[in-house]
Amino acid sequence: MAYLEIRDLQTHFKKRSGSIFAPTLETIRAVDGVSLSIERGEILGLVGESGCGKSTLSRTVMQLIRPTAGSIILNNEDLALLPPWEVRKRRLDFQMVFQDPYASLNPRMTVYSTLAEAISQRHGSVPKRQMQDRVAHLMETVGLDPRFQKKYPHEFSGGQRQRIAIARALAPEPKLIIADEPVSALDVSIQSQILNLLKKLRTELGLTMIFITHDLGVVRYLADRIVVMYKGKIVEEGEADALFNNPQNAYTQKLLAAIPKLSASA
Ligand SMILES: Nc1ncnc2c1ncn2[C@@H]1O[C@H](COP(=O)(O)OP(=O)(O)OP(=O)(O)O)[C@@H](O)[C@H]1O
Ligand SMILES: [Mg+2]
């Protein structure tokens, strides 16, 4: 049985359009019948152009938006059938990492307080000494020097800030990480460091991961399997290498053709 199974998921939004004299309510089918499954320890790459519904799909899986229809089955449990307090508990098992760590971190909190707060979400109040050890360990896990724990987000570089955001996501000991464009705002040289870190974490912690990007080049390196989304639907799905070597769908072929080719000297 898959760790996470999504069945015919639909997330629609209503949007007012038309004139003020003749208003109409338009339905935006951001996620329009998506089914997919993810095995434990797998990295699934979710790709597609801007506006195709990637973030809406992930926010629905995170239970931040209620789906219009369909089901999300985690570990054999249909989340829609659980009472809200159980869903809140499960939510600790999945954490998100976003594109812009600066916006997602509280600028007034030191790394220590950011991570301590996230650890407490799972463990409640932890004795000070133990908390210090846990924070230091988390920082080391993501490649940050624990001596920087009293620093604030603005004192770090973009790559280091994304490491803090990853450490915060790891703090409640999640089983699933959804990373929504986590390297899109970073320099190319820093991107590969963060991708390597995510790969290492999957191996060391046995994490399951959904990695969202519009960049097929990035996801090829990381994902075991790739799902291509277009206008709220999945148009192609396959093992990463197979999809790259032999894309079936015309839209996937177009995405692949758009990957910039690096010259041998680059
Ligand atoms: N809260 C909302 N209310 C109304 N429409 C929304 C809402 N959130 C998303 N949408 C619409 O749903 C569609 C999918 O948006 P979504 O943000 O999921 O796309 P995306 O694939 O993540 O795009 P990007 O690559 O730019 O992040 C878009 O048409 C968007 O305008
Ligand atoms: Mg998005």
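**Helices α4 and α5**

I started with helix α4 (residues 111–123) and helix α5 (residues 128–141), whose axes are 10 Å apart and cross at about 110 degrees. Helices here are DSSP runs of H or I with at least four residues, strands are E runs of at least two, and both are numbered from the N terminus. The axes are lines fitted to C-alpha atoms, for helices over the stretch in contact, with angles from 0 to 180 degrees between N-to-C directions. So α4 and α5 count as roughly perpendicular (65 to 115 degrees; under 35 is roughly parallel, over 145 roughly antiparallel, the rest oblique).

Next I looked up who touches whom, with contact meaning heavy atoms within 4.5 Å. From α4, the list includes Tyr112, Leu115 and Ile119, and the α5 side includes Met131, Val135 and Leu138. I noted 9 nonpolar, 3 polar and 2 charged residues in this contact (nonpolar: Ala, Val, Leu, Ile, Met, Phe, Trp, Tyr, Cys and Pro; charged: Asp, Glu, Lys and Arg; polar: the others, Gly among them).

**Ground rules**

I'm working with a predicted model, where local features need pLDDT of at least 70 and side-chain atom pairs 80 or more, while totals for chains, interfaces and linings use all residues. Residues are numbered from 1 along each chain as its sequence is written, chains are lettered from A and ligands numbered from 1 in the order written, and side-chain values use heavy atoms, without hydrogens and water.

**Aromatic rings**

How many aromatic pairs are there? I got 2, where rings of Phe, Tyr and Trp (its six-membered ring) pair if their centres lie within 6.5 Å, with planes under 30 degrees apart stacked, over 60 edge-to-face and the rest tilted. Phe148 and Phe156 are edge-to-face, 6.2 Å centre to centre with 75 degrees between the planes. Tyr230 and Tyr251 are tilted, at 4.3 Å and 35 degrees. That pair links distant parts of the chain, strand β9 (residues 225–230) and helix α10 (residues 250–257), 21 residues apart.

Is Tyr251 buried or exposed? It is buried, at 8% relative accessible area, while Tyr230 is partly exposed at 27% (buried is under 20%, exposed over 50%, partly exposed in between; 1.4 Å probe, protein chains only).

**Charges over rings**

I also found Lys150 over the face of Tyr112, 5.0 Å from the ring centre, and Lys199 over the ring of Tyr221, at 4.1 Å. The rule wants NZ of Lys or CZ of Arg within 6 Å of the ring centre and within 35 degrees of the ring normal.
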